[in-house]
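Please read this report with the sequence and the model side by side.

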Amino acid sequence: MAERSTAAVDVADNSGDEPLTAKADEATTDGTAEAKDTAGEDPKGADGEREPSDAVPATPDLHSGHKLAGRYRLEECVTRLDGFSSWRAVDEKLRRAVGVHLLPADHPRARSVLAAARSSALLGDPRFVQVLDAVEEDDLVYVVHEWLPDATELTALLAAGPMDAHDAYQLVSQVSQAMAAAHREGLAHLRLTPGAVLRSSTGQYRIRGLAVNAALRGITAERPLRADTEAIGALLYAALTQRWPYEDDAYGLSGLPKGMGLIAPDQVRAGIHRGLSELAMRALANDGATASRQEPPCTTPDELAKAVAAMPRILPPEPTFTAPPEYQRTTYQQGTYGRPSARPVSANQPVMAPPPPPLQSRTGKALKWAVSALLIAALGLGSWQLAETLLDSRNDSSDPGTTQTTKNEGDEKPRPAKPLRIAGATEFMPSGSGIQQEDVPKTIDGLPGTSWITPQYRGYANFGNLTNRKQGSGIVVDLGSVQDVTGIEVAMYRSGQGAEVRAAAPEASAPSALTDFPQRLVEQTTAGGTLSGKLTEPLRTRYILVRITELPTDGSPDRFRGGISEISVMG
């Protein structure tokens with residue numbers, strides 16, 4: 001059940017169903033749809049409208065163990081409402097967990113769900129939970145998507161308390177950039193709630209349900225750009241204050257006091273970053289609310305992403321160190337442990353004379369004089385040798401036939417480069433589909449005998465001339481933070497591969513496309529067993545892409561295969 005709470009792409013939020021960006025005529029939380037229908041709730045939102053549906057077909061009556069296409073085995077139903085259901089399943093072909101949305105083929109929203117899923121799959125942006133398959137089969141329509149067991153919902157993160165300024169900055173920066181990229185491709189979310197945002201173990205945020213969640217619920221919007229922007233503003237507001245920026249409670253968060261209107265985050269809780277507080281107000285400026293300091297409201301995710309980039313970068317908090325406790329003396333040190341105790345002298349016991357001090361006898365005096373004489377002789381001999389050495393060097397320097405070389409202060413050798421720690425690695429997937437993602441850690445495990453290896457391609461060295469491999473493939477390494485990079489060394493799986501090395505800009509966050517890596521470390525070349533490069537000037541970056549564009553032959557002139565064994569970054 002822990003896996004379900006962190007990974008399910010659930011279109012119904014169990015902590016509250018009030019959508020931020022869409023008005024709905026009926027609630028859809030598991031087990032409470034009928035209750036909320038009778039209550040007549042009309043939750044607040046921006047520009048969203050749910051399409052009416054007449055007769056919604058019954059939810060498909062399936063059970064755990066049922067297989068779709070002889071491949072996807074249903075395991076656990078996580079949502080069942082409004083004619084569709086969502087499942088945790090297993091892809092028996094690739095042996096991995098997946099999520100599945102199911103609805104009847106005659107459902108009034110079946111066509112729109114298929115179209116939304118296929119459009120989302122074409123985006124191929126790793127900042128979104130990827131759609132893996134969208135099929136109509138046997139009177140059923142089903143959408144298969146990624147399942148992320150190691151990710152944590154934003155709902156769970158906020159339940160633990162408000163975020164610090166650095167974490168909130170990363171949240172709004174990554175989510176606004178991702179949604180700006182989606183809108184450039186004509187895709188909107190319209191259901192961007194705390195339950196739709198996940199944070200991975202590496203600190204990267206991923207958005208689930210792009211276009212699909214809204215299609216499943218029949219949500220549309222006249223101004224999708226504004227709707228998604230206000231949703232991001234609400235997420236930032238909640239991250240700063242642990243409050244929902246509307247009067248109604250939602251997603252496990254308390255709403256604002258009734259009748260007060262929209263209150264700036266830094267007036268809700270003390271110590272909130274002023275710039276982030278103003279940014280949340282600018283994104284939420286709508287329906288009469290105004291942004292502080294007369295700044296114009298952000299009406300699109302792209303405007304919001306640019307406003308975040310214009311802010312001074314917010315660094316993570318410095319680690320705090322607890323001072324060690326003051327040293328306490330033990331009873332052994334304070335007492336008489338190890339010391340001879342004074343014994344009373346008996347009156348009948350003869351009193352013995354104390355022994356003479358050391359080296360006060362005749363032998364001791366002679367020994368002292370001998371040692372002193374030896375020290376004096378050694379000192380004199382050393383002085384004589386030092387003087388002779390100085391005279392010889394002076395004579396050598398006055399010889400006109402001798403060339404004397406002096407070392408300038410500027411001739412010091414440069415500091416040798418050292419390997420930088422690599423925090424993680426991912427597969428370069430510009431088309432959205434991976435090759436061998438489970439073998440990516442082998443490129444940074446320090447073991448040259450393990451490798452990330454491509455499948456065998458036929459006919460063409462450029463990955464079989466496949467459309468989704470026009471930009472090749474490769475590995476993106478994450479240094480954990482921006483570092484000064486002076487070189488790179490890559491052990492190739494075999495020689496003859498066409499490859500290059502690129503770096504992302506210092507301010508880049510979760511780069512995924514080839515254009516996100518504008519800086520070149522190694523130009524395009526045909527690599528041997530090793531691909532390496534050294535820079536004359538350090539280059540600042542966090543993400544480095546080792547890209548393979550052409551593969552060598554694999555036992556036959558028309559078969560091709562390549563790979564990467566080990567990546568080492570120097571700085």
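Strand S2 and strand S3 (residues 72-81) are antiparallel and joined by two bridges. Two strands count as paired if DSSP finds at least two bridges between them. Leucine 68 stands opposite tyrosine 72 in S3. Helices (H or I, at least four residues) and strands (E, at least two) are DSSP runs, numbered from the N terminus.

This is a predicted model, in which local features need pLDDT of at least 70 and side-chain atom pairs count only at pLDDT 80 or more, while totals for chains, interfaces and linings use all residues. Residues are numbered from 1 along each chain as its sequence is written, and side-chain values use heavy atoms, with hydrogens and water left out.

**The sheet**

S2 and S3 belong to an open sheet of six strands, ordered S2-S3-S4-S5-S7-S6, with antiparallel pairing. Strand S2 (67-68) and strand S6 (131-137) are the edges; each has a single partner strand, so one side of each lacks a neighbour in the sheet. Strands of a sheet pair through backbone hydrogen bonds, either parallel or antiparallel.

| Strands | Bridges | Residue pair |
|---|---|---|
| S3 and S4 | eight bridges | leucine 81 and phenylalanine 84 |
| S4 and S5 | seven bridges | valine 90 and alanine 97 |
| S5 and S7 | seven bridges | leucine 103 and valine 141 |

A further pair sets serine 85 opposite leucine 102 in S5.

The hairpin of S4 and S5 has four residues between the strands, and arginine 95 has a positive phi near 55 degrees.

How covered are these strands? Seven of the eight residues of S4 are buried, so S4 is largely enclosed by the rest of the structure. Buried means under 20% relative accessible area, exposed over 50%, and partly exposed in between (1.4 Å probe, protein chains only). Strand S5 (residues 96-104) is mostly covered too, with seven of its nine residues buried. Helix H3 (residues 110-123) lies across S5, S6 and S7, and runs at about 150 degrees to S6. Angles run from 0 to 180 degrees between N-to-C directions, and axes are lines fitted to C-alpha atoms, for helices over the stretch in contact.

**The helices**

Helix H5 (residues 165-184) packs on helix H10 (residues 301-310) at an angle of about 145 degrees, with the axes 8 Å apart. Their crossing is left-handed. That term applies if the near helix is turned anticlockwise from the far one by less than a right angle; clockwise is right-handed. Among the residues making the contact are Tyr169, Val172 and Met179 of H5, and Leu304, Ala305 and Val308 of H10. Contact means heavy atoms within 4.5 Å. By class, this contact has eight nonpolar, four polar and two charged residues. Ala, Val, Leu, Ile, Met, Phe, Trp, Tyr, Cys and Pro count as nonpolar; Asp, Glu, Lys and Arg count as charged; the others, Gly among them, count as polar.

Alanine 165 lies in H5. Leaving aside neighbours within four places in sequence, alanine 165 contacts His273, Leu276 and Ile314. Alanine 165 and proline 317 are 152 residues apart in sequence, yet 8.6 Å apart in space, C-alpha to C-alpha.

Helix H9 (residues 274-284) is largely enclosed by the rest of the structure, because nine of its 11 residues are buried. Those buried residues include Glu278 and Arg282. The buried residues of H9 pack against H5, helix H7 (224-241), helix H8 (265-268) and H10.

**Cysteines and totals**

How many disulfides does a search of the whole structure find? It finds zero. A disulfide here is a pair of cysteine sulfur atoms within 2.5 Å. Cysteine 77 counts as partly exposed at 23% relative accessibility, whereas cysteine 298 is buried at 1%.

The protein has 12 helices and 20 strands. Of its 571 residues, 44% count as buried. Of the contacts with a separation of 6 or more, 69% are between residues 24 or more positions apart.
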